Amino acid sequence: METVDDLEYMIKVAKRAQEIYSSYSQEMVDRVFQAVAMAAVAHRLELAKDAVAETGIGLVEDKVIKIQYAAEYTYNKYRDMKTCGIIDYDDVNGIYYIAEPVGVVAAILPVTNPISTLVHNALIAVKTRNAIIFCPHPRAKKCSYKAAEILHRAAVEAGAPEGIIQCIREPSKEIAQKLMSHPDIDLIIAT
């Protein structure tokens, strides 16, 4: 991903993946959510080493803990939360509460904790039936791309559509600005 045209294609793929994913049942979403969390935990050491080697920031041991915490805490906190369809009913006022996805999320990643941030944001996106496109800091682009690929593969193997988790391979200020201002981006998470 190096051009604005490439970005347009990524967003188109994410939008289509999210449209498909928005129809998934709670059981299907929870299966994807768990698979993504488990993939992050399984690859935490290699991703921590990659992040420290590429960014020159932090200690591998600390990154391992942060990645594991991001995966396990987020998974355990939200695993039983309903995020599909009717999630509550107020019988006094006759109001149904219905969970709907936002759409396509753009997530800007920091150089300081790119992997743990990516893991948390990917998990909250898939749990809520949203697609996510990551724009990493240029000094964390390789480790972020690798992490997104690992999580995407886990999501797809668990039944999510292709393109539900994506990462810009060659981030730049211009690409980040185009991503955040694109009309098909429904939510921006900038850490």
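Helix H5 is followed by Arg129, whose phi is positive, near 65 degrees; helices (H or I, at least four residues) and strands (E, at least two) are DSSP runs, numbered from the N terminus. The model is predicted: local features need pLDDT of at least 70, side-chain atom pairs count only at pLDDT 80 or more, and totals for chains, interfaces and linings use all residues. Residues are numbered from 1 along each chain as its sequence is written, and side-chain values use heavy atoms, with hydrogens and water left out.

H5 itself has 14 residues and reaches 20 Å from its first C-alpha to its last, close to the 20 Å expected at 1.5 Å a residue; the expected span is 1.5 Å times one less than the number of residues. Twelve of the 14 residues of H5 are buried, where buried means under 20% relative accessible area, exposed over 50%, and partly exposed in between (1.4 Å probe, protein chains only). Among these buried residues are Pro114, Ile115 and Ser116.

Pro114, Ile115 and Ser116 also line the largest cavity, together with Leu47, Ala48, Ala51, Lys63, Lys66, Ile67 and Asn113. Helix H3 (44–55), helix H4 (60–78) and helix H5 (114–127) are the elements that give two or more residues to this lining. On a 1 Å grid over the protein atoms alone, a cavity is a set of points where a 1.4 Å probe fits but cannot get out, and lining residues have an atom within 4 Å of a point. A search of the whole structure finds one cavity of 30 Å³ or more, and about 40 Å³ of space lies in the largest cavity. Grid points are joined across faces, edges and corners, and the volume is the space filled by probe spheres set on the points.

Helix H2 (residues 26–42) has 17 residues, which should span 24 Å at 1.5 Å a residue; its end C-alpha atoms are 24 Å apart, in agreement. Its buried residues include Val32 and Phe33, and the cover over the buried residues of H2 includes H1, H3, H4, H5, H6 and E5.

Ala160 lies in the loop between helix H6 (141–157) and strand E5 (165–167). This residue counts as buried because its relative accessibility is 6%. Leaving aside neighbours within four places in sequence, Ala160 is in contact (heavy atoms within 4.5 Å) with Tyr21, Tyr24, Val32 and Ala155. Ala160 and Phe33 are 127 residues apart in sequence and 9.6 Å apart in space, C-alpha to C-alpha.

Gln18, in helix H1 (residues 4–21), is buried because its relative accessibility is 9%. Not counting residues up to four places away in sequence, Gln18 touches Pro101, Gly103, Arg129, Asn130, Ala131 and Ile164.

Methods:
1 Å grid on protein atoms, 1.4 Å probe; cavity = no way out; pocket = protein on both sides within 12 Å on 5 of 7 lines; lining within 4 Å.
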